[in-house]
Amino acid sequence: MKCQHVEFPNLATRRNRQCQTILSKQVPTIDRFKLKFKLVYRFAGIRQQLKAFYNRPNFENFLRYWLNRTNFAEILSDIYDGQIWKSFKETNDENSLNFFRNETADSHLGLMINLD
Ligand SMILES: [Zn+2]
């Protein structure tokens, strides 16, 4: 199996050339073939990550950091300054409590997914 990624596919001067880096090879087994991957990326599940975070010293204090930080009215300097953080509800009911609040600061976590 080879990589089919094409860098700058809309570029007029280049033909669409695929990367073609080898990703895996077929390896024979006793009765058939299996794929042997060239690179294996480490992966830690969310539960495993959270367990590791909570085992760090003072992790809960870091979760309460946003409660005592200085706010500047017209400046967005962190996610805590945004409307989503300030108005995100616990449930779909608009009258429900805010998800991010003092009493639950060390147990209500917001997860963000970043892709590259
Ligand atoms: Zn590639």
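Predicted model: local features only at pLDDT ≥ 70, side-chain atom pairs only at ≥ 80, totals over all residues.
Local features need pLDDT of at least 70, side-chain atom pairs count only at pLDDT 80 or more, and totals for chains, interfaces and linings use all residues. Residues are numbered from 1 along each chain as its sequence is written, and side-chain values use heavy atoms, with hydrogens and water left out.

Q: In what order do the elements of the protein run from the N terminus on?
A: The protein has 3 helices and 2 strands. Helices (H or I, at least four residues) and strands (E, at least two) are DSSP runs, numbered from the N terminus. The order of the elements is β-β-α-α-α.

Q: Is Cys19 buried, partly exposed or exposed?
A: Buried means under 20% relative accessible area, exposed over 50%, and partly exposed in between (1.4 Å probe, protein chains only). Cys3 has 18%, so Cys3 is buried. Cys19 has 41%, so Cys19 is partly exposed.

Q: What radius of gyration does the protein have?
A: The radius is taken over C-alpha atoms, and the globule rule is 2.2 Å times the number of residues to the power 0.38. A compact globule of 116 residues would come out near 13 Å. The C-alpha trace spans about 60 × 45 × 30 Å along its principal axes. The radius of gyration of the protein is 24 Å.

Q: What share of the contacts with a separation of 6 or more is between residues 24 or more positions apart?
A: Contact means heavy atoms within 4.5 Å. Buried residues make up 15% of the 116 residues. For the contacts between residues 24 or more positions apart, the share is 19%.

Q: How much of the accessible surface belongs to carbon and sulfur atoms?
A: Accessible areas come from the Shrake-Rupley method with a 1.4 Å probe; for residues, only the protein chains shown count as cover. The total for the protein is about 11,200 Å². The carbon and sulfur part is 54%.

Q: How far apart are the mean positions of the positive and negative charges?
A: Lys and Arg count as positive and Asp and Glu as negative; His and the chain ends are not counted. Each charge is placed at NZ of Lys, CZ of Arg, CG of Asp or CD of Glu. There are 18 positive and 12 negative charges, and their mean positions are separated by 19 Å.

Q: Which residues does Arg101 touch, not counting those up to four places away in sequence?
A: Arg101 is in the segment after helix H3 (83-87). Its relative accessible area is 17%, so Arg101 is buried. Its partners are Trp66, Glu90 and His108.

Q: Which residues are in contact with Asn16, leaving aside neighbours within four places in sequence?
A: Asn16 lies in the segment before E1. At 54% relative accessible area, Asn16 is exposed. The contacts of Asn16 are Val6 and Pro9.

Q: What is the phi of Asn58?
A: Phe8, in the segment before E1, has a positive phi of about 50 degrees although it is not a glycine. Phe8 is exposed at 53%. Asn58 lies in the loop between helix H1 (46-54) and helix H2 (59-63). Asn58 is not a glycine either, and its positive phi is about 65 degrees.
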